Amino acid sequence: MLSTFIQHHYNALLVLITTALSGATLGMIGVLALMRKQAMLSDALAHATLPGIACAFILFAVVFPAQAHSAPYLWLLIGATWSSLCAIGLMTWLNHHHELSTDAAIATIISVFFPLGVVLLSYIQTLPIAGQAGLDRFLLGSVATMTLDEALTTSLLAIALSVLLLVWKKELFAFCFDEDFCHAHHIDRGWGQTMILTLILLATVIGLQTIGLILLIALLITPAASAWLVTRSFRQLLIVSMLLGSSACLVGGSLSYLYPHWPSGALIVLILTSQFFLALLYHRYKTT
(Lines give C-alpha, C1' and ligand atoms only; values in the text may rest on other atoms or scores of the structure.)
Protein backbone atom coordinates (compact mmCIF):
# COMPACT_ATOMS: atom_id res chain seq x y z
CA MET A 1 0.00 0.00 0.00
CA LEU A 2 2.83 2.37 0.88
CA SER A 3 4.67 1.53 -2.34
CA THR A 4 1.52 2.24 -4.35
CA PHE A 5 1.11 5.61 -2.66
CA ILE A 6 4.75 6.51 -3.34
CA GLN A 7 4.43 5.43 -6.97
CA HIS A 8 1.35 7.58 -7.56
CA HIS A 9 2.66 10.60 -5.66
CA TYR A 10 6.36 10.35 -6.44
CA ASN A 11 6.61 13.85 -7.94
CA ALA A 12 4.78 15.46 -5.03
CA LEU A 13 6.93 13.66 -2.45
CA LEU A 14 10.16 14.69 -4.19
CA VAL A 15 9.05 18.32 -4.35
CA LEU A 16 8.07 18.32 -0.67
CA ILE A 17 11.38 16.72 0.33
CA THR A 18 13.16 19.42 -1.66
CA THR A 19 11.10 22.10 0.06
CA ALA A 20 11.95 20.66 3.49
CA LEU A 21 15.66 20.51 2.60
CA SER A 22 15.55 24.15 1.50
CA GLY A 23 13.91 25.18 4.76
CA ALA A 24 16.45 23.24 6.83
CA THR A 25 19.40 24.75 4.98
CA LEU A 26 18.11 28.32 5.14
CA GLY A 27 17.25 27.85 8.80
CA MET A 28 20.87 26.97 9.60
CA ILE A 29 22.38 29.71 7.44
CA GLY A 30 19.99 32.18 9.03
CA VAL A 31 21.68 31.57 12.39
CA LEU A 32 24.91 32.99 10.97
CA ALA A 33 23.11 35.97 9.45
CA LEU A 34 21.39 36.67 12.76
CA MET A 35 24.57 36.34 14.83
CA ARG A 36 26.55 38.64 12.51
CA LYS A 37 23.65 41.13 12.29
CA GLN A 38 23.40 40.73 8.52
CA ALA A 39 19.67 40.11 8.21
CA MET A 40 19.09 43.12 5.96
CA LEU A 41 22.02 42.10 3.77
CA SER A 42 20.26 38.83 2.99
CA ASP A 43 17.14 40.79 2.10
CA ALA A 44 19.14 43.00 -0.26
CA LEU A 45 20.73 39.98 -1.94
CA ALA A 46 17.31 38.36 -2.37
CA HIS A 47 15.92 41.46 -4.10
CA ALA A 48 19.09 41.73 -6.19
CA THR A 49 18.47 38.33 -7.79
CA LEU A 50 15.51 39.56 -9.85
CA PRO A 51 17.40 41.42 -12.63
CA GLY A 52 19.81 38.46 -12.91
CA ILE A 53 16.93 36.03 -13.41
CA ALA A 54 15.34 38.30 -16.02
CA CYS A 55 18.65 38.88 -17.86
CA ALA A 56 19.37 35.15 -17.88
CA PHE A 57 15.94 34.47 -19.40
CA ILE A 58 16.41 37.16 -22.06
CA LEU A 59 19.91 35.93 -22.92
CA PHE A 60 18.67 32.35 -23.24
CA ALA A 61 15.83 33.56 -25.51
CA VAL A 62 18.35 35.32 -27.75
CA VAL A 63 20.82 32.42 -27.92
CA PHE A 64 18.24 29.63 -28.14
CA PRO A 65 15.08 31.21 -29.58
CA ALA A 66 13.49 27.84 -30.37
CA GLN A 67 13.68 26.80 -26.70
CA ALA A 68 13.10 30.19 -25.10
CA HIS A 69 9.83 29.06 -23.52
CA SER A 70 11.71 26.58 -21.30
CA ALA A 71 14.85 28.28 -20.00
CA PRO A 72 16.75 25.79 -17.78
CA TYR A 73 16.30 26.35 -14.07
CA LEU A 74 20.05 26.13 -13.44
CA TRP A 75 20.59 28.84 -16.06
CA LEU A 76 18.22 31.14 -14.16
CA LEU A 77 19.96 30.36 -10.86
CA ILE A 78 23.32 31.28 -12.40
CA GLY A 79 21.80 34.59 -13.46
CA ALA A 80 20.50 35.15 -9.93
CA THR A 81 23.93 34.39 -8.46
CA TRP A 82 25.67 36.73 -10.89
CA SER A 83 23.26 39.54 -10.03
CA SER A 84 23.77 39.02 -6.29
CA LEU A 85 27.54 39.11 -6.73
CA CYS A 86 27.17 42.42 -8.54
CA ALA A 87 25.12 43.70 -5.60
CA ILE A 88 27.83 42.65 -3.14
CA GLY A 89 30.45 44.36 -5.29
CA LEU A 90 28.39 47.56 -5.41
CA MET A 91 27.84 47.55 -1.65
CA THR A 92 31.55 46.99 -0.98
CA TRP A 93 32.48 49.81 -3.36
CA LEU A 94 30.02 52.21 -1.70
CA ASN A 95 31.32 51.31 1.76
CA HIS A 96 35.02 51.56 1.00
CA HIS A 97 35.23 54.38 -1.52
CA HIS A 98 32.35 56.64 -0.53
CA GLU A 99 32.18 55.95 3.23
CA LEU A 100 28.50 55.16 2.93
CA SER A 101 27.02 53.33 5.93
CA THR A 102 26.03 49.68 5.53
CA ASP A 103 22.30 50.32 5.90
CA ALA A 104 22.44 53.11 3.31
CA ALA A 105 24.36 50.85 0.91
CA ILE A 106 21.79 48.08 1.40
CA ALA A 107 18.93 50.52 0.76
CA THR A 108 20.70 51.64 -2.42
CA ILE A 109 21.05 48.05 -3.62
CA ILE A 110 17.35 47.33 -3.09
CA SER A 111 16.26 50.61 -4.72
CA VAL A 112 18.43 49.96 -7.79
CA PHE A 113 18.29 46.22 -8.44
CA PHE A 114 14.67 45.40 -7.62
CA PRO A 115 13.08 48.14 -9.81
CA LEU A 116 15.45 47.14 -12.61
CA GLY A 117 14.23 43.56 -12.29
CA VAL A 118 10.60 44.66 -12.37
CA VAL A 119 11.23 46.66 -15.55
CA LEU A 120 12.95 43.67 -17.18
CA LEU A 121 10.06 41.38 -16.18
CA SER A 122 7.62 43.85 -17.71
CA TYR A 123 9.65 43.77 -20.91
CA ILE A 124 9.66 39.97 -20.94
CA GLN A 125 5.86 39.98 -20.66
CA THR A 126 5.73 41.80 -24.02
CA LEU A 127 7.78 39.12 -25.80
CA PRO A 128 5.92 36.55 -27.94
CA ILE A 129 7.28 33.65 -25.90
CA ALA A 130 5.01 31.13 -24.28
CA GLY A 131 5.78 30.47 -20.65
CA GLN A 132 7.49 33.74 -19.75
CA ALA A 133 4.96 34.30 -16.97
CA GLY A 134 6.59 31.40 -15.13
CA LEU A 135 9.18 33.85 -13.82
CA ASP A 136 6.54 35.23 -11.46
CA ARG A 137 7.08 32.21 -9.22
CA PHE A 138 10.36 33.73 -8.10
CA LEU A 139 8.52 36.64 -6.48
CA LEU A 140 6.32 34.80 -3.97
CA GLY A 141 7.41 31.21 -4.46
CA SER A 142 5.44 28.34 -5.95
CA VAL A 143 6.02 24.77 -4.88
CA ALA A 144 3.15 23.51 -7.04
CA THR A 145 4.92 24.53 -10.28
CA MET A 146 8.28 22.98 -9.35
CA THR A 147 9.45 20.40 -11.89
CA LEU A 148 11.53 17.31 -11.17
CA ASP A 149 14.66 18.90 -12.65
CA GLU A 150 14.17 21.98 -10.47
CA ALA A 151 13.59 19.82 -7.40
CA LEU A 152 16.74 17.77 -8.01
CA THR A 153 18.85 20.87 -8.67
CA THR A 154 17.59 22.59 -5.51
CA SER A 155 18.06 19.44 -3.41
CA LEU A 156 21.66 18.96 -4.54
CA LEU A 157 22.47 22.62 -3.87
CA ALA A 158 20.86 22.48 -0.43
CA ILE A 159 22.77 19.32 0.52
CA ALA A 160 26.05 20.79 -0.73
CA LEU A 161 25.47 23.99 1.22
CA SER A 162 24.64 22.05 4.40
CA VAL A 163 27.86 20.05 4.03
CA LEU A 164 29.87 23.27 3.67
CA LEU A 165 28.25 24.65 6.81
CA LEU A 166 29.08 21.50 8.80
CA VAL A 167 32.67 21.45 7.53
CA TRP A 168 33.22 25.10 8.52
CA LYS A 169 31.09 24.94 11.68
CA LYS A 170 33.94 25.35 14.16
CA GLU A 171 35.51 28.30 12.33
CA LEU A 172 32.17 30.00 11.75
CA PHE A 173 31.21 29.52 15.39
CA ALA A 174 34.46 31.14 16.48
CA PHE A 175 34.01 33.97 14.00
CA CYS A 176 30.48 34.67 15.27
CA PHE A 177 31.19 34.45 19.01
CA ASP A 178 34.90 34.62 19.80
CA GLU A 179 37.09 36.88 17.68
CA ASP A 180 39.97 36.51 20.16
CA PHE A 181 39.97 32.77 19.41
CA CYS A 182 40.08 33.55 15.69
CA HIS A 183 43.05 35.85 16.21
CA ALA A 184 44.90 33.29 18.35
CA HIS A 185 44.35 30.53 15.76
CA HIS A 186 45.13 32.80 12.80
CA ILE A 187 41.60 32.63 11.40
CA ASP A 188 41.42 35.61 9.09
CA ARG A 189 38.50 37.99 9.67
CA GLY A 190 38.15 38.57 5.95
CA TRP A 191 37.91 34.81 5.35
CA GLY A 192 35.12 34.47 7.90
CA GLN A 193 33.16 37.35 6.42
CA THR A 194 33.61 35.96 2.90
CA MET A 195 32.41 32.51 3.96
CA ILE A 196 29.30 33.90 5.63
CA LEU A 197 28.53 36.09 2.60
CA THR A 198 28.97 33.07 0.32
CA LEU A 199 26.66 30.92 2.41
CA ILE A 200 24.00 33.65 2.60
CA LEU A 201 24.20 34.24 -1.15
CA LEU A 202 23.85 30.55 -2.00
CA ALA A 203 21.04 30.12 0.52
CA THR A 204 19.25 33.04 -1.11
CA VAL A 205 19.47 31.37 -4.52
CA ILE A 206 18.25 28.04 -3.13
CA GLY A 207 15.15 29.56 -1.51
CA LEU A 208 13.91 31.45 -4.57
CA GLN A 209 11.55 28.76 -5.86
CA THR A 210 10.28 27.75 -2.42
CA ILE A 211 9.46 31.09 -0.79
CA GLY A 212 10.23 33.77 -3.38
CA LEU A 213 12.65 36.66 -3.19
CA ILE A 214 10.24 39.13 -1.54
CA LEU A 215 9.67 36.97 1.54
CA LEU A 216 12.94 35.08 1.60
CA ILE A 217 14.35 37.06 4.52
CA ALA A 218 11.59 35.58 6.71
CA LEU A 219 12.82 32.02 6.05
CA LEU A 220 16.39 33.03 6.76
CA ILE A 221 15.83 34.98 9.97
CA THR A 222 12.57 33.91 11.64
CA PRO A 223 13.57 30.27 12.42
CA ALA A 224 16.86 31.50 13.89
CA ALA A 225 15.08 34.18 15.94
CA SER A 226 12.60 31.61 17.25
CA ALA A 227 15.36 29.16 18.09
CA TRP A 228 17.30 31.92 19.87
CA LEU A 229 14.41 32.27 22.33
CA VAL A 230 14.32 28.60 23.33
CA THR A 231 17.93 27.34 23.17
CA ARG A 232 21.13 27.76 25.17
CA SER A 233 23.96 26.64 22.88
CA PHE A 234 25.11 27.16 19.29
CA ARG A 235 24.56 23.49 18.48
CA GLN A 236 21.00 23.60 19.80
CA LEU A 237 20.46 26.86 17.94
CA LEU A 238 21.43 25.27 14.63
CA ILE A 239 19.33 22.14 15.20
CA VAL A 240 16.17 23.93 16.35
CA SER A 241 16.42 26.56 13.60
CA MET A 242 16.87 23.78 11.04
CA LEU A 243 13.82 21.90 12.33
CA LEU A 244 11.64 25.02 12.43
CA GLY A 245 12.57 26.05 8.90
CA SER A 246 12.14 22.53 7.56
CA SER A 247 8.76 21.94 9.22
CA ALA A 248 7.37 25.31 8.11
CA CYS A 249 8.42 24.66 4.52
CA LEU A 250 7.05 21.13 4.60
CA VAL A 251 3.62 22.20 5.89
CA GLY A 252 3.44 25.34 3.74
CA GLY A 253 4.66 23.47 0.67
CA SER A 254 2.09 20.71 1.22
CA LEU A 255 -0.74 23.25 1.44
CA SER A 256 0.52 25.04 -1.67
CA TYR A 257 0.73 21.74 -3.52
CA LEU A 258 -2.84 20.83 -2.52
CA TYR A 259 -4.09 24.35 -3.35
CA PRO A 260 -1.92 25.61 -6.25
CA HIS A 261 -3.46 29.10 -6.17
CA TRP A 262 -2.06 29.66 -2.67
CA PRO A 263 1.53 30.98 -2.88
CA SER A 264 3.90 28.78 -0.95
CA GLY A 265 5.96 31.74 0.25
CA ALA A 266 3.08 33.44 2.04
CA LEU A 267 1.94 30.18 3.66
CA ILE A 268 5.44 29.40 4.90
CA VAL A 269 5.85 32.89 6.38
CA LEU A 270 2.53 32.58 8.25
CA ILE A 271 3.68 29.28 9.75
CA LEU A 272 7.08 30.76 10.65
CA THR A 273 5.34 33.69 12.34
CA SER A 274 3.17 31.30 14.37
CA GLN A 275 6.31 29.43 15.45
CA PHE A 276 7.95 32.69 16.51
CA PHE A 277 5.03 33.76 18.69
CA LEU A 278 4.91 30.33 20.32
CA ALA A 279 8.64 30.58 21.04
CA LEU A 280 8.12 34.08 22.41
CA LEU A 281 5.38 32.86 24.75
CA TYR A 282 7.62 30.01 25.90
CA HIS A 283 10.49 32.44 26.52
CA ARG A 284 8.31 34.78 28.58
CA TYR A 285 6.89 31.85 30.57
CA LYS A 286 10.40 30.50 31.23
CA THR A 287 11.75 33.85 32.44
CA THR A 288 8.84 34.61 34.81
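**View 1. Lys37 sits in the loop between α2 (10-35) and α3.** Helices here are DSSP runs of H or I with at least four residues, strands are runs of E with at least two, and numbering starts from the N terminus. The model is predicted: local features need pLDDT of at least 70, side-chain atom pairs count only at pLDDT 80 or more, and totals for chains, interfaces and linings use all residues. Residues are numbered from 1 along each chain as its sequence is written, and side-chain values use heavy atoms, with hydrogens and water left out. Lys37 is not a glycine, yet its phi is positive, at about 55 degrees. Lys37 counts as exposed because its relative accessibility is 79%. Exposed means over 50% relative accessible area, buried under 20%, and partly exposed in between (1.4 Å probe, protein chains only).

View 2. Along the sequence the pattern reads α-α-α-α-α-α-α-α-α-α-α-α-α-α. Of the 288 residues in the protein, 48% are buried. Contacts are heavy atoms within 4.5 Å. Among contacts between residues at least 6 apart in sequence, 77% join residues at least 24 apart. The protein exposes about 14,300 Å², and carbon and sulfur atoms supply 70% of that area. Accessible areas come from the Shrake-Rupley method with a 1.4 Å probe; for residues, only the protein chains shown count as cover.

**View 3. The largest nonpolar core holds 71 residues.** A nonpolar core is a set of buried Ala, Val, Leu, Ile, Met, Phe, Trp, Tyr and Cys residues joined through side-chain atoms within 4.5 Å. Ile29, Leu32, Leu76, Leu135 and Leu208 touch the most other members. Helix α3 (residues 39-63) gives the largest share of this core, with 12 residues. A second, separate core has 5 residues, among them Leu14, Val15, Val143 and Ala151. In soluble globular proteins, nonpolar side chains tend to be buried together. Leu32 touches Leu165, Leu172, Cys176, Ile196, Leu199 and Phe234, leaving out residues up to four places away in sequence.

**View 4. Leu161 lies in helix α7 (residues 148-167).** Leu161 counts as buried because its relative accessibility is 3%. Its contacts, beyond neighbours within four places in sequence, are Thr25, Ile29, Leu199, Leu202, Ala203 and Ile206. Leu161 and Leu199 are 38 residues apart in sequence. Their C-alpha atoms are 7.1 Å apart in space.

**View 5. Trp168 occupies the loop between α7 and α8 (169-177).** Trp168 counts as partly exposed because its relative accessibility is 21%. Trp168 touches Trp191, Met195 and Leu199, not counting residues up to four places away in sequence. Gly192 is 24 residues from Trp168 along the chain, and their C-alpha atoms are separated by 9.6 Å.

View 6. Ser84 counts as buried because its relative accessibility is 0%. Leu45, Ala48, Thr49 and Leu201 are touched by Ser84, with residues up to four places away in sequence not counted.

**View 7. Thr204 lies in helix α10 (residues 189-206).** At 0% relative accessibility, Thr204 is therefore classed as buried. Thr204 touches Ser42, Leu45, Ala46, Thr49, Leu216 and Leu220, residues up to four places away in sequence set aside. Leu45 and Thr49 are also touched by Ser84.

**View 8. A nonpolar surface patch brings together Leu250, Val251, Leu255, Leu258, Tyr259 and Trp262.** Together these residues have about 570 Å² of accessible area. Patches take residues with over 30% relative accessible area and no salt bridge; like charges are joined within 9 Å, and nonpolar side chains (Val, Leu, Ile, Met, Phe, Trp, Tyr) within 5 Å. A salt bridge is a side-chain nitrogen of Lys or Arg within 4 Å of a carboxyl oxygen of Asp or Glu. Leu250 belongs to helix α13. Leu250 counts as partly exposed because its relative accessibility is 37%. Leu250 touches Leu16 and Ala20, not counting residues up to four places away in sequence. Leu250 and Leu16 are 234 residues apart in sequence and 6.1 Å apart in space, C-alpha to C-alpha. Trp262 is in the loop between α13 (234-258) and α14 (264-287). Trp262 counts as partly exposed because its relative accessibility is 42%.
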